[in-house]
Amino acid sequence: MATLDQCRAALDRLARNMSGADGEVRSAAALDRSLSCRLTDLDVTFLGRLAHGTIEDVTCVPGPPPYRAEIRLAMSGDDLVALVDGRLDFARAWGRGRVRLEAGVLDLLRLRKLL
């Protein structure tokens, strides 16, 4: 099972990868939205903001998210680490219910370029 530190490091890598992206990926990440990532096995939620092509202001709170973010993810810590490392395909994980993604329809259309 992935640790909290490993999950935080994975989110930091994801933010770096997003900020260094080009083209369609960069424009897809240019949203300005609140973000939550619930790690079901660790019973924590990372909160932050998708802005300026990266993830900013990341904090961690115990339990479920204290508010409804505009973009909401839920998964295990192992799946988060595997997604960021490229060992788990997002579309397959989402299709199999291992990853949940909730957002507005227009945001989902833009975010699919990131996934």
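1. Buried here means under 20% relative accessible area, exposed over 50%, and partly exposed in between (1.4 Å probe, protein chains only). By that cut-off aspartate 79 is buried, with a relative accessible area of 8%.

2. This is a predicted model, in which local features need pLDDT of at least 70 and side-chain atom pairs count only at pLDDT 80 or more, while totals for chains, interfaces and linings use all residues. Residues are numbered from 1 along each chain as its sequence is written, and side-chain values use heavy atoms, with hydrogens and water left out.

3. The chain contains 5 helices and 5 strands (DSSP runs, H or I of at least four residues for helices and E of at least two for strands, numbered from the N terminus). Their order from the N terminus is α-α-β-β-β-β-α-α-β-α. Of the 115 residues, 42% are buried.

4. β2 pairs with β1 in the antiparallel sense over 7 bridges, and with β3 (residues 54–62) also in the antiparallel sense over 7 bridges; pairing requires at least two DSSP bridges between the strands. Serine 36 stands opposite leucine 47 of β2, and phenylalanine 46 faces cysteine 60 in β3. In β2, 7 of the 8 residues are buried, so the strand is largely enclosed by the rest of the structure.

5. Both turns contain a positive phi. The β1–β2 hairpin has 4 residues between its strands, with aspartate 43 at about 55 degrees; the β2–β3 hairpin has 2, with histidine 52 near 55 degrees.

6. Leucine 80 is in contact (heavy atoms within 4.5 Å) with Cys7, Ala10, Leu11, Leu39 and Met75, leaving aside residues up to four places away in sequence.

7. There are 9 salt bridges, each a side-chain nitrogen of Lys or Arg within 4 Å of a carboxyl oxygen of Asp or Glu. Aspartate 107 and arginine 33 meet at 2.9 Å, N to O; they lie in helix α5 (residues 105–111) and strand β1, 74 residues apart. Aspartate 107 counts as buried at 9% relative accessibility, arginine 33 as partly exposed at 24%.

8. Aspartate 79 pairs with arginine 98, the closest N and O atoms being 2.5 Å apart. Arginine 98 is partly exposed, at 39%.
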